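Work through the following exercises with the sequence and the model side by side.

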Amino acid sequence: MNDVKIGFFARHLDPGSIFEEMLFGLVMVLTFTLGASVTVTEGPEAIRTLMIAAIGCNIAWGIIDGAMYAMSNLLDRARRNRMLLSLKNAGMKRPP
């Protein structure tokens, strides 16, 4: 038998979803830092401020995306359970 270890992301996300998450993260950081660069004045503190903004943006996006992923999985499980329960109950009904 092949004991191939599968990573956490590969086990829970397909390659398309992984690519989408990386792309959305990049778009979010660019949007946020470009917007913040308008209000931040030049100087040594500006780089630090923009880095904090970029990291904060990605953390916020990760929390929101994680919550949406968890809710989506809960809804899928509930849908499957309802379908299995209806199939189980349908087999118990006898025609007259």
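**Exercise 1. The fold and its confidence**

Which pattern does the protein follow when it is read along the sequence?

Solution. The model is a predicted one, and its secondary structure comes to three helices and zero strands. Read along the sequence, the protein accordingly gives the pattern α-α-α. Among the elements, helix α1 (residues 8-12) has the lowest mean pLDDT, at 71, whereas α3 has the highest, at 85.

**Exercise 2. Helix α2 and the surface**

Compare the span of α2 with the expected one, and then find which residues of α2 are buried and which residues make the nonpolar surface patch.

Solution. Begin with the length: α2 has 25 residues and reaches 37 Å from its first C-alpha to its last, which is close to the 36 Å expected at 1.5 Å a residue. Next, take the buried residues of this helix, which are Ser 17, Gly 25, Val 29, Thr 33 and Ala 36.

Then turn to the patch, a nonpolar one of about 790 Å², made by Phe 19, Met 22, Leu 23, Phe 24, Leu 26, Val 27, Leu 30 and Leu 34. One of these residues, Leu 30, lies in helix α2, and with a relative accessible area of 45% Leu 30 is partly exposed.

**Exercise 3. The aromatic pair**

How many aromatic pairs does a search of the whole structure find, and what is the geometry of the pair formed by Phe 24 and Trp 61?

Solution. The search of the whole structure finds one aromatic pair. Phe 24 and Trp 61 form this pair, with 6.4 Å from centre to centre and 80 degrees between the planes. Since planes over 60 degrees apart count as edge-to-face, the pair of Phe 24 and Trp 61 is edge-to-face. To place the partners, note that Phe 24 lies in helix α2 (residues 15-39) and Trp 61 in helix α3 (residues 44-92), so the pair ties together parts that are 37 residues apart in sequence. Finally, consider accessibility: Phe 24 counts as partly exposed at 39%, and Trp 61 also counts as partly exposed, at 24%.

**Exercise 4. The salt bridges**

How many salt bridges does a search of the whole structure find, and are Arg 48 and Glu 45 exposed or partly exposed?

Solution. The search finds two salt bridges. In one of them the side chains of Arg 48 and Glu 45 meet, at 3.5 Å from N to O. Both Arg 48 and Glu 45 lie in helix α3, where they are three residues apart, about one turn of the helix. At 52% relative accessibility Arg 48 counts as exposed, because the cut-off for that class is over 50%, whereas Glu 45, at 47%, counts as partly exposed.

The other salt bridge joins Asp 76 with Arg 79, whose closest N and O atoms are 2.8 Å apart. Because Asp 76 and Arg 79 are three residues apart in helix α3, they are separated by about one helical turn. Asp 76 counts as partly exposed at 29% relative accessibility, and Arg 79 counts as partly exposed at 48%.

Key
Residues are numbered from 1 along each chain as its sequence is written. This is a predicted model: local features need pLDDT of at least 70, side-chain atom pairs count only at pLDDT 80 or more; totals for chains, interfaces and linings use all residues. Side-chain values use heavy atoms; hydrogens and water are left out. Rings of Phe, Tyr and Trp (its six-membered ring) pair if their centres lie within 6.5 Å; planes under 30 degrees apart count as stacked, over 60 as edge-to-face and the rest as tilted. Helices (H or I, at least four residues) and strands (E, at least two) are DSSP runs, numbered from the N terminus. Buried means under 20% relative accessible area, exposed over 50%, partly exposed in between (1.4 Å probe, protein chains only). pLDDT is the predictor's confidence in each residue, from 0 to 100. Patches are made of residues with over 30% relative accessible area and no salt bridge: like charges are joined within 9 Å, nonpolar side chains (Val, Leu, Ile, Met, Phe, Trp, Tyr) within 5 Å. Accessible areas come from the Shrake-Rupley method with a 1.4 Å probe; for residues, only the protein chains shown count as cover. A salt bridge is a side-chain nitrogen of Lys or Arg within 4 Å of a carboxyl oxygen of Asp or Glu. The expected span of a helix is 1.5 Å times one less than its number of residues.
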